Amino acid sequence: IGKILGATVIAAAPTEEKLETCKKLGADHVINYRTENLKLRVRELTDGEGANVVFDPVGDKYCEPAVRSLGWRGRLIVIGFAAGDIPSIPTNLLLLKEGSLIGSALRESNIYDPMGSLAERNDLVEWHNKGLIKPLVSKVVRLENASQAFEIIQNRQVQGKVVLVTDAYEKQYGSVVGIGSRL
């Protein structure tokens with residue numbers, strides 16, 4: 001989505017495999033946050049300016065370095081906590097940069113701004129229909145194996161989405177074989 005909106009995308013991930021996926025999906029630069037200093041690498045890639053926007057689906061111990069990588073009036077958008085603890089962010093870091101912390105939750109958007117949420121979903125559908133975005137599905141799991149799906153998500157063994165399917169779904173829409181690997 002960042003690329004569609006004209007951003008230079010810097011993706012950060014913990015493994016070379018995930019970084020390769022980020023490159024294939026269009027990232028301009030990649031950072032292994034387990035082996036590189038996130039703040040310093042972002043500063044290097046942005047000619048010392050820092051990031052305008054950081055999109056954080058992970059949280060945990062990587063959130064603070066993400067805040068430190070922000071530039072002047074940068075924004076940290078938090079969409080979830082895929083790993084470990086919910087982070088505590090030193091707010092002085094935001095104060096010194098006049099930075100913003102923005103939470104983004106689909107459920108609440110639907111409740112408090114249904115028309116805005118609908119417009120955003122329509123944009124996503126349009127981009128998908130034009131081939132500009134495509135969901136990354138790494139596993140397709142039968143509903144009866146849902147506990148396995150949760151286990152692989154919890155163990156961070158997926159890149160992208162895990163899709164649960166039922167016999168009724170496949171009967172109506174066809175088999176999803178060939179999309180990701182199957183359990």
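# Close-up views of a predicted protein model

**Overview. The whole chain and its confidence.** The mean pLDDT of this predicted protein model is 89, and 95% of the residues reach 70 or more; pLDDT is the predictor's confidence in each residue, from 0 to 100. The protein has eight helices and eight strands, where helices (H or I, at least four residues) and strands (E, at least two) are DSSP runs, numbered from the N terminus. Of the 183 residues, 27% are buried; buried means under 20% relative accessible area, exposed over 50% and partly exposed in between (1.4 Å probe, protein chains only). Residues are numbered from 1 along each chain as its sequence is written, and side-chain values use heavy atoms, with hydrogens and water left out. Because this is a predicted model, local features need pLDDT of at least 70 and side-chain atom pairs count only at pLDDT 80 or more, while totals for chains, interfaces and linings use all residues.

**View 1. Strands β1 and β2 run parallel.** Four bridges join the two strands; strands pair if DSSP finds at least two bridges between them. The bridge partner of Ala12 is Ile31 in β2. Ala11 and Ala13 form the covered face of β1, while Ile10 and Ala12 form the uncovered one. In a regular strand the side chains alternate between the two faces of the sheet.

**View 2. Helix α1 (residues 16-24) has buried and exposed residues on opposite sides.** Lys18, Leu19 and Thr21 are buried. These three cover an arc of only 155° around the axis, so they are on the same side of α1; the arc is that of the directions from the helix axis to the C-beta atoms. On the other side, Glu16, Glu17 and Lys24 are exposed. The buried residues of α1 pack against β1 (10-13) and β2. After α1 comes Gly26, whose phi is positive, near 115°.

**View 3. The largest nonpolar core has 13 residues.** Such a core is a set of buried Ala, Val, Leu, Ile, Met, Phe, Trp, Tyr and Cys residues joined through side-chain atoms within 4.5 Å. Leu38, Val42, Val54, Ala66, Val67, Leu70 and Leu76 have the most contacts inside the core. Two or more residues each come from α2, β3, α3, β4 (70-78) and α4 (91-97). Leaving out residues up to four places away in sequence, Ala66 touches Leu38, Val54 and Leu76; contact means heavy atoms within 4.5 Å. Another core, of five residues, lies apart from this one and includes Ala11, Ala13, Leu19 and Val30.

**View 4. Tyr33 and Tyr62 form an aromatic pair.** Rings of Phe, Tyr and Trp (its six-membered ring) pair if their centres lie within 6.5 Å; planes under 30 degrees apart count as stacked, over 60 as edge-to-face and the rest as tilted. By this rule the count is one aromatic pair. The ring centres of Tyr33 and Tyr62 are 4.1 Å apart and the planes stand at 45°, so the pair is tilted. Tyr33 is in the loop between β2 and α2 (38-45), and Tyr62 in the loop between β3 (51-56) and α3 (63-68), so the pair ties together parts that are 29 residues apart in sequence. Both Tyr33 and Tyr62 are buried.

**View 5. Gly50 sits in the loop between α2 and β3.** Gly50 counts as buried, at 6% relative accessibility. Its C-alpha atom is separated by 4.9 Å from that of Leu70, 20 residues away along the chain.
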